[in-house]
Every structure is written in C-alpha cells, then in structure tokens.
Amino acid sequence: MELIVVQDKIYNIRNQQVMLDFDLAEMYDIQTRRLKEQVRRNIERFPVDFMFQLTKAEWFELVAICDKFPEKIKHSPATPFAFTQEGVAMLSGVLRSPLAVQENIGIMRAFVAVRKYLVQASYPITIEDRVRMLEEANEELLKDMNDLSEDTRNALDEMFDAFANLTNKLNISKLPRNPIGYTVGK
C-alpha cells in the first residue's frame with residue numbers, strides 16, 4: 001500500500017493520530033468484524049492509549065466532516081475502534097498473516113511521515129531564521145575554537161618554557177668541573 005493512501009486514512013481524533021478499524025480491516029484484507037473480534041479476544045493488549053472506541057457524537061461529527069466513507073459504514077449502528085500508532089503496532093501481534101505484517105510496516109512509516117509533517121507545519125522556519133540560526137551557531141563555534149586556540153597557545157608556551165629551563169640546566173652542567181679525587185704533582 002502506498003504511503004499517501006495510508007496517510008489519507010490517518011485521522012486526528014481526541015488530539016491523537018489514529019486509524020479506524022474498517023480502514024485497517026480493508027488494508028489487512030479481513031472483515032471488520034473479524035478484526036474487532038481479535039481485538040476483543042486480546043483486549044489486554046490494547047490499553048486506552050493504544051485503542052479507544054469512538055462515541056456516537058465523535059462518529060457523527062467525523063462522518064459529517066469526511067465524505068469519503070462508504071455508505072454502509074456511514075450508517076452503521078456500531079461505532080468504530082480508533083487505533084493509535086502503538087495500537088496498530090500491537091495489531092501485528094494479534095493478526096499474524098504475512099499481509100498484516102507487511103501492511104503494518106507501511107502504516108508505521110505513514111504515521112512517522114504524518115508526525116514529521118505536523119512538526120514541520122507547527123514550526124515553520126523561514127530562510128532568514130535558518131540563516132540567523134546558522135550564523136549564531138557559527139559564531140559559537142568560532143568562539144570555542146578561539147578559546148581552544150588560546151588554551152593551546154598557553155600549553156605550547158609552558159612547553160617552550162620547560163624546554164628553555166632544561167636547556168639552561170644542560171648548559172650549566174657542561175661547564176668544566178673540578179675533578180673528583182687527588183691530583184698528583186701539584
């Protein structure tokens with residue numbers, strides 16, 4: 001299934017990105033009632049932050065907003081289950097067909113793409129802002145490099161001073177010394 005098709009089936013309900021049970025059942029090529037049946041059999045795997053059932057008011061509002069639902073689903077007396085990204089991932093453990101696993105991978109990618117889009121849309125960055133941020137980062141980097149250069153210069157100065165002191169000590173030790181012991185003939 002293409003990423004764009006999956007993204008069109010992700011809805012924002014209760015401030016969460018969710019997919020509805022009938023869309024997932026269609027993708028997994030199973031009946032919606034079979035999907036719901038498997039979820040109810042494994043309900044301990046689906047806490048409220050993984051899956052919730054829409055209220056009648058939420059469902060009517062969603063049907064009024066979205067005209068792309070099939071007629072038989074629009075007028076269904078049962079309200080659908082809504083699965084968050086984690087709930088969709090948990091479905092792969094409940095629905096074990098190879099098709100379900102492959103579709104699950106595509107759905108996870110779609111959720112990530114939608115999340116990235118929402119983050120980018122909520123924080124639009126203009127080119128001017130981006131250039132300003134890069135200039136600030138560059139200034140900090142140059143300052144850090146200058147501090148590092150100063151520290152390096154100080155360390156090198158200390159090393160040169162130590163070498164100079166050692167050289168002076170070596171030069172002193174090369175002066176003629178009085179021999180140790182007795183001198184004969186004086």
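This is a predicted model: local features need pLDDT of at least 70, side-chain atom pairs count only at pLDDT 80 or more; totals for chains, interfaces and linings use all residues.

Biologist: Which residues are exposed on the other side of H4?

Modeller: Residues are numbered from 1 along each chain as its sequence is written, and side-chain values use heavy atoms, with hydrogens and water left out. In helix H4 (residues 56–65), Glu-58, Trp-59, Leu-62 and Val-63 are buried (under 20% relative accessible area; exposed is over 50% and partly exposed lies in between, with a 1.4 Å probe and protein chains only), and they cover an arc of only 130° around the axis, which puts them on the same side of H4 (the arc is that of the directions from the helix axis to the C-beta atoms). On the other side, the exposed residues are Ala-57, Phe-60, Glu-61, Ala-64 and Ile-65.

Biologist: What do the buried residues of H4 pack against?

Modeller: Contact here means heavy atoms within 4.5 Å. By that rule, the buried residues of H4 pack against E1, E2, H2, strand E3 (51–53) and helix H5 (71–74).

Biologist: How many helices and strands does the chain have?

Modeller: Both kinds of element are DSSP runs numbered from the N terminus, with helices (H or I) of at least four residues and strands (E) of at least two. Read from the N terminus on, they run α-β-β-α-α-β-α-α-β-α-α-α. The count is 8 helices and 4 strands.

Biologist: In which sense do E1 and E2 pair?

Modeller: Strands pair if DSSP finds at least two bridges between them, and strand E1 (residues 10–13) and strand E2 (residues 16–20) have 4. They form a hairpin with 2 residues between them, and Arg-14 in the turn has a positive phi of about 55°. Tyr-11 stands opposite Val-18 in E2. The sense of the pairing is antiparallel.

Biologist: Which residue of E4 does Met-19 stand opposite?

Modeller: E2 is joined to E4 by 2 bridges, and the two run antiparallel. Across from Met-19, the residue in E4 is Phe-83.

Biologist: Why do the buried residues of H3 line one face of the helix?

Modeller: In H3, the buried residues are Leu-35, Lys-36 and Val-39. They line one face because, seen down the helix axis, they fall within a limited arc, and that arc is 95°.

Biologist: Does Lys-36 count as buried or exposed?

Modeller: Lys-36 is found in helix H3. Leaving aside neighbours within four places in sequence, Lys-36 is in contact with Asp-21, Ala-78, Thr-79, Pro-80 and Phe-81. At 10% relative accessibility, Lys-36 counts as buried.

Biologist: Which residues is Asp-23 in contact with, leaving aside its neighbours within four places in sequence?

Modeller: Asp-23 sits in helix H2 and, at 5% relative accessibility, counts as buried. With those neighbours set aside, its contacts are Lys-9 and Tyr-11.

Biologist: Which side chain does a polar contact of 3.2 Å join to that of Gln-31?

Modeller: Gln-31 lies in the loop between H2 and H3 and, at 41% relative accessibility, counts as partly exposed. A polar contact is a pair of N or O atoms within 3.5 Å; within protein, one must be able to donate a hydrogen and the other to accept it, and residues adjacent in sequence count only if both atoms are side-chain atoms. The partner in this 3.2 Å contact is Arg-33.

Biologist: Last one: what share of the residues of the chain counts as buried?

Modeller: The chain has 186 residues. The share that counts as buried is 28%.
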